[in-house]
Amino acid sequence: MSEKNINYENPVEKVIEGHRNGAFMLVLTIALYIVSFFGMIFIPALSLIFVLYLVLGWILFLGLKVLKPGEALVITLFGKYKGTLKGDGFFFVNPFSTAFNPAAATKLGQSGDIVEPKSHIAIASSSSGVKVGADGTASKKISLKVMTLNNSKQKVNDVLGNPVEVAVAVMWRVADTAKAVFNVDNYKEYLSLQCDSAVRNVVKLYPYDIAENVDTTGDGIADDGSLRGSTEVVADRIRDEIQNKVEYAGIEIVDARITYLAYAPEIAASMLQRQQAAAVVDARKLIVDGAVGMVEMALERLDKTGMVDLDDERKAAMVSNLLVVLCGNHDAQPIVNTGSLY
C-alpha cells in the first residue's frame, strides 16, 4: 500500500474592501418592507411578489455586520473562505455568508476574555486556565487588540534539578486572521499550551541563582546567567520560543514578562537557610579581610614610628588580640595593664 502525502492549503488573509454600505442596505430593506405592505393592498396584481418579500425579506438583515475598532470577522460562504472584514463600520455582505471563529467560546484568564458570569453558561476549566462557555452564543468577532495572557504558575526543575515555580505574562495579538482560524483548531488554546511548553523549555536551561560550571547560552562556556539575576534575558528567550511556535497560527507575540518566580514550597525553607549561610560566610570573609588589613597597618605604623619595639612573640600576641577584637560578635571588654610589658 503506497503512502500519500497530504498538503493542506495554507490560507492567505484577504481583506474585504468596499462593503461599508450597511446603513444604506438597512434603510433600503425597511423601505421595501413598507412598499410591499402597502403594495399588497393597492396593487393586487403584484401581491404575490410583495408577499414573498414580506416572508423572505428578513434574510437581507443577515448580511448586516457592525464592527468596532480593533475587531475583525472571518467570512465564509458555503464552507469557502471569502475574506476578512477589518476596521470599524457598518458592513453589508452576502446574507448567506457566515462568520467563522472556532475560538469564539474559549475564555482565557486574560484581558479581552473577562466576561460577567451567567447562570445558564456552563464553564469548564483546564489545567492551563482555559475557560469554555457551553452555550454557543459567543461572538464570532476576532479581537485584533493586544491582549495579556496570564497562565497559571508552573512547577519546573531548573538546570540543577531544583523545583521552582514560575508564572509568565504574555502580550499577544492576532496578526493574520486566516491562519489563526484555519491553521489550528483553536488558536487561543493553542497559544496557552505553547506558552506552558516554552516556559518549561527555557527555565530548565537556567539555575535559580548563579551557579558555577553552568552554561546557559549553549556556547560551551560557563556564565553567570540565572533565573533571578537574568530576568530580562530569560523573558526574551521565552518570548522568542513562543513566537517560533505560534507563527503558524498567525499570532504575534508582542512581549513576555516573568510575573512570579520562587522556589517550590517543599525546598523553599532549605534554600532560604542556604542563602542565609552563604550571606553569613560572605560577611565574615569581608570582616576578616578588613581586620587583617587593619592589623597590618597597625604593625607597620608601630615599626615606622619606633614607639614600641616588639619581638616576634609579642607581635603574634598583638595580632591575635586584635583579630579577636575586630572579628568578634560582641564588643571586647578593655583590660588596663598597669604593670610591666614584660
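Helices here are DSSP runs of H or I, at least four residues, numbered from the N terminus. With that in place, Asp311 sits in the loop between helix 6 (265–305) and helix 7 (312–327). This is a predicted model, so everything I say is computed from that model.

Asp311 has 36% relative accessibility, so it counts as partly exposed. Together with Asp309, Asp312 and Glu313, Asp311 forms a negative surface patch.

Next, the salt bridges. The count comes to 11. One of them pairs Lys155 with Glu266, at 3.3 Å from N to O. Lys155 belongs to strand 11 and Glu266 to helix 6, so this pair links distant parts of the chain, 111 residues apart. Lys155 is partly exposed, because its relative accessible area is 42%.

Asp209 and Arg228 form another salt bridge, at 2.5 Å. Both residues lie in the loop between helix 4 (187–203) and helix 5 (231–246), 19 residues apart. Asp209 is buried, because its relative accessibility is 19% and the cut-off for buried is under 20%.

Within helix 5, Glu241 and Lys245 are 4 residues apart, about one turn of the helix. Their side chains meet in a salt bridge of 3.9 Å. Glu241, at 24%, counts as partly exposed, and so does Lys245, at 25%. Elsewhere, salt bridges with shared partners join Lys68, Glu71 and Lys141 into one network.

Last, Asn151, in the loop between strand 10 (147–150) and strand 11 (154–157). Is Asn151 buried or exposed? It is buried, because its relative accessibility is 9%. The side chain of Asn151 makes a polar contact of 2.9 Å with the side chain of Asp196. A polar atom of the Asn151 side chain also lies 3.1 Å from the backbone oxygen of Ser192.

Notes: Residues numbered from 1 in each chain as written. Predicted model: local features only at pLDDT ≥ 70, side-chain atom pairs only at ≥ 80, totals over all residues. Heavy atoms only, no water. Patch = residues over 30% accessible without salt bridge, like charges linked within 9 Å, V, L, I, M, F, W, Y side chains within 5 Å. Areas by Shrake-Rupley, 256 points an atom, 1.4 Å probe, with all protein chains shown as cover. Salt bridge = Lys/Arg side-chain N within 4 Å of Asp/Glu carboxyl O. Lys, Arg positive; Asp, Glu negative; His and termini not counted. Charge placed at Lys NZ, Arg CZ, Asp CG, Glu CD. Helix = DSSP H or I, 4+ residues; strand = E, 2+ residues; numbered from the N terminus. Buried < 20%, exposed > 50% of the residue type's maximum accessible area, 1.4 Å probe, protein only. Polar contact = N/O pair within 3.5 Å; in protein donor to acceptor, adjacent residues only side chain to side chain.
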